[in-house]
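Here is a short briefing for a reader new to this structure.

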Amino acid sequence: MEKKINDILSNYATDDTNLTKTILRKLETSNDDIIEIIGESGCGKHYVCKDVAKSLKEQKRHYEVYIPSHFAKNHFKEVIQLVADIPDTKFFELITESQKYKFINRFDFFYFITEKIKEEKLIIPVDILIYRADYLGNYTIDFIHYFNQFSQNMKVQFVVFSPKRIFAFSTQFPILLPKLRDTKKILQTLFSEENSDFASESEIINKLTNRNLFQIENILRSVGKKKISSIVRQILAKK
């Protein structure tokens, strides 16, 4: 049941993998734009992220998944180490070297650091998936903007997942919370043996969860061998 739930919810979030395929085509054919997957909490962004990562692995493409810390003010070092094969010691050497120029404009510093890692051939072709990109600080966002323009011929590409648009120059793919027809389809697929249209169950579940896919998933996982209608009645009885 666990795998079946995962597969069905993943198919919903990725539009039966059509979204994943579109993202992969974009990665294969264009280096111009950052790709943004945008949707509020509970819409299924993590399913899309997992499916894209799975497809990249199957294609044997080098990729990294990065989740920024919500508590860190700056993620610059971590992002540099995603795009370049640079250990901590080398990174701090470059930072020390940059200080003698006393850069006032951050973009002058970005130019310095990217030229250095380019000269030393440290940049690596990679697809970088950043989940919860809204945790990134403005400084790091500006660097990703800059580096994306700088590295267009270097096969370094960004796919970011966030509740709102962050990057000015990006291709956006919005994901919506499940509507009534979506929840009905999920239930009909998962519980096909019950021979029901699940109209009332879908409406109740959407109201109970505010259409949050993560909460819907928790309800589905609690079903086990019971009928979904009986689970819904139990939940309502506790309200």
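The whole structure holds 10 salt bridges, each a side-chain nitrogen of Lys or Arg within 4 Å of a carboxyl oxygen of Asp or Glu. This is a predicted model, in which local features need pLDDT of at least 70, side-chain atom pairs count only at pLDDT 80 or more, and totals for chains, interfaces and linings use all residues. Residues are numbered from 1 along each chain as its sequence is written, and side-chain values use heavy atoms, with hydrogens and water left out.

**Salt bridges**

- Lys 77 and Asp 88 form a salt bridge at 3.0 Å, N to O.
- Lys 77 lies in helix α4 (residues 76-83) and Asp 88 in helix α5 (residues 88-99), so the pair ties together parts 11 residues apart in sequence; helices are DSSP runs (H or I, at least four residues), numbered from the N terminus.
- Arg 106 pairs with Asp 142 in a salt bridge at 2.7 Å, N to O.
- This pair links helix α6 (residues 106-119) to helix α7 (residues 138-150), with Arg 106 and Asp 142 36 residues apart.

**Cysteines**

- The count of disulfides (cysteine sulfur atoms within 2.5 Å) is 0.
- Cys 43 is in no disulfide, and the nearest cysteine sulfur, in Cys 49, is 12 Å away.
- Cys 43 is buried at 0% relative accessibility, where buried means under 20% relative accessible area, exposed over 50% and partly exposed in between (1.4 Å probe, protein chains only).
- Cys 49 is also buried, at 7%.

**His 46**

- His 46 sits in helix α3 (residues 45-58) and is partly exposed, at 27% relative accessible area.
- Leaving aside neighbours within four places in sequence, His 46 is in contact with Tyr 131 and Glu 217 (heavy atoms within 4.5 Å).

Conventions: Helix = DSSP H or I, 4+ residues; strand = E, 2+ residues; numbered from the N terminus.
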